[in-house]
Amino acid sequence: MKKQILIGMLLLLPMVGSFAAGETYYATDYLLSAPEAGEAGTTAIHMSSNAIVAWADGYTNMQYGTDVDATWMTPEKALGPAEGTSSEIVSLGRGGTITLTFPAGIGNRPGADFAVFENSFSDTFLELAFVEVSSDGIHFVRFPNYSNTPDPVGAYGDLWTRWIHNLAGKYRQGYGTPFDLEELRTAYNAQLAGDTDFSAAFAQQLTNNFPLLDLNNVTHLRLVDIVGDGSVLDSRGSVIYDPYATTGSAGFDLDAVGVLNEAFVPYADWAASHPPGNLQEYALTGVPILGRSESNGFVALGYCANRWASVAISVEVSLDLESWSNAVPESIEQQAAPDFIQTKLLFPADALNRFYRLIFEVQ
Ligand SMILES: [Ca+2]
Ligand SMILES: [Ca+2]
Ligand SMILES: [Ca+2]
């Protein structure tokens with residue numbers, strides 16, 4: 001199926017700054033992660049953020065660890081919006097796990113894709129968990145994670161947020177720890193290139209399970225409580241310390257999991273419940289397509305796509321609206337906004353006074 005859309009040019013489109021380069025998480029000198037909620041540079045996401053579009057709404061395979069009282073054994077308290085309290089949680093217990101499901105899955109777009117909320121009452125009493133994702137509920141891929149806490153911290157000792165990376169529970173109650181699915185692809189590719197500091201155990205699970213993961217359709221998210229007595233290791237094989245030995249509500253206390261990017265809806269599924277001839281609406285969800293002249297002499301063409309994984313978009317150019325040829329941009333920038341992907345195509349200045357059209361094609 002192919003549908004062509006003619007667009008105008010040289011209208012104004014506010015462009016947000018340059019696309020942030022991805023950080024590298026796989027170097028042995030990765031020492032300082034993001035700071036506490038409220039501090040400059042934090043990645044904490046408040047539970048009322050409008051970037052959260054859905055919440056976990058189901059669970060499977062709840063397995064309690066040790067030292068959990070019955071009063072904390074209500075998994076339903078991990079479903080729906082975060083409350084940001086100490087009590088509206090399920091306690092996993094020491095070494096426990098829970099697997100969560102979502103109303104429309106989780107998809108990967110630039111930036112964080114979901115956030116995990118724990119119930120810590122402070123910025124330093126932090127109970128941690130591994131985060132793993134799956135597209136079939138069977139094969140799970142663990143996020144690369146780092147702990148630089150040097151010594152055991154006791155039952156109610158302090159952790160420093162900046163020494164914890166990609167482990168859930170890094171932030172105090174009401175603030176979620178974000179995770180970016182793209183990091184799993186980066187990790188896998190880095191591993192193929194022999195460019196990581198992963199332990200053999202971490203590398204093995206990545207090798208086995210990543211090829212079975214669809215980053216655009218994550219259906220299951222598993223949290224695994226970390227027993228902080230020195231027996232559990234991060235992705236490079238270093239010990240992860242967290243409060244040990246707590247009792248009554250030992251281990252990770254899950255408040256909620258918020259979805260920032262939902263899984264993609266295939267065009268066929270979407271079209272089944274929409275009028276025909278609407279591929280542009282499917283791809284762009286009504287956000288206009290605009291262009292402008294750049295101060296650096298380039299012509300910029302921008303569009304905001306919400307379901308870009310399902311639709312290929314190419315550009316053609318014409319002088320007379322009759323003869324069209326493929327337009328190859330000099331550069332392409334993509335940038336994430338809370339609910340869409342903004343793509344900016346730059347053409348040389350001699351492209352001024354020409355007509356452009358976007359070609360939409362279902363992949
Ligand atoms: Ca992402
Ligand atoms: Ca706990
Ligand atoms: Ca809750």
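Phe130 is buried, with 22 other C-beta atoms within 10 Å; a residue counts as buried if 20 or more other C-beta atoms lie within 10 Å of its own, as exposed if 12 or fewer do, and as partly exposed in between, with C-beta atoms placed from the backbone. The structure is a predicted model, in which local features need pLDDT of at least 70 and side-chain atom pairs count only at pLDDT 80 or more, while totals for chains, interfaces and linings use all residues. Residues are numbered from 1 along each chain as its sequence is written, and chains are lettered from A and ligands numbered from 1 in the order in which they are written.

**Overall organisation and confidence**

- The chain contains four helices and 23 strands; helices (H or I, at least four residues) and strands (E, at least two) are DSSP runs numbered from the N terminus.
- Of the 363 residues in the chain, 42% are buried.
- Among contacts between residues at least 6 apart in sequence, 78% join residues at least 24 apart; two residues are in contact if their C-beta atoms, placed from the backbone, lie within 7 Å.
- The mean pLDDT of the chain is 84, and 86% of its residues reach 70 or more; pLDDT is the predictor's confidence in each residue, from 0 to 100.
- Over residues 1-25 pLDDT stays under 50, and the model has 42 contacts beyond four places in sequence for them.
- Where pLDDT is low, the predicted coordinates should not be read in detail.

- Phe130 is placed in strand β8 (residues 129-134).
- Leaving aside residues up to four places away in sequence, Phe130 touches Arg142, Asn145, Leu167, Val224 and Ile226.
- Phe130 and Pro144 are 14 residues apart along the chain, and their C-alpha atoms are separated by 9.1 Å.
- The largest nonpolar core has 65 residues, of which Leu128, Ala129, Val131 and Leu223 touch the most other members; such a core is a set of buried Ala, Val, Leu, Ile, Met, Phe, Trp, Tyr and Cys residues joined through C-beta atoms within 7 Å.
- Val131 touches Val116, Phe143, Ala168, Phe179, Leu221 and Leu223, again not counting residues up to four places away in sequence.
- A second, separate core of 11 residues includes Leu279, Ala283, Cys304 and Phe360.
- In soluble globular proteins, nonpolar side chains tend to be buried together.

- Phe202, Leu206 and Asn209 are the buried residues named in helix α2 (residues 200-209).
- These residues lie on the same side of α2, because they cover an arc of only 90 degrees around the axis; the arc is that of the directions from the helix axis to the C-beta atoms.
- The buried residues of α2 pack against β9 (141-142) and α1 (182-192).
- On the face turned away from this buried side, α2 carries the exposed residues Ala200, Ala201, Gln204 and Asn208.

**Backbone features**

- Most residues other than glycine have a negative phi, and most peptide bonds are trans.
- Asn61, in strand β4 (residues 58-63), has a positive phi near 55 degrees.
- Asn61 counts as exposed because it has 11 C-beta neighbours inside 10 Å.
- Asn166 has a positive phi of about 60 degrees and is found in the loop between β11 (164-165) and β12 (175-179).
- Asn166 is buried, as 23 other C-beta atoms lie within 10 Å.
- The peptide bond from Tyr244 to Ala245 is cis, with omega near 5 degrees.
- Ala245 belongs to the loop between β15 (239-241) and β16 (253-259).
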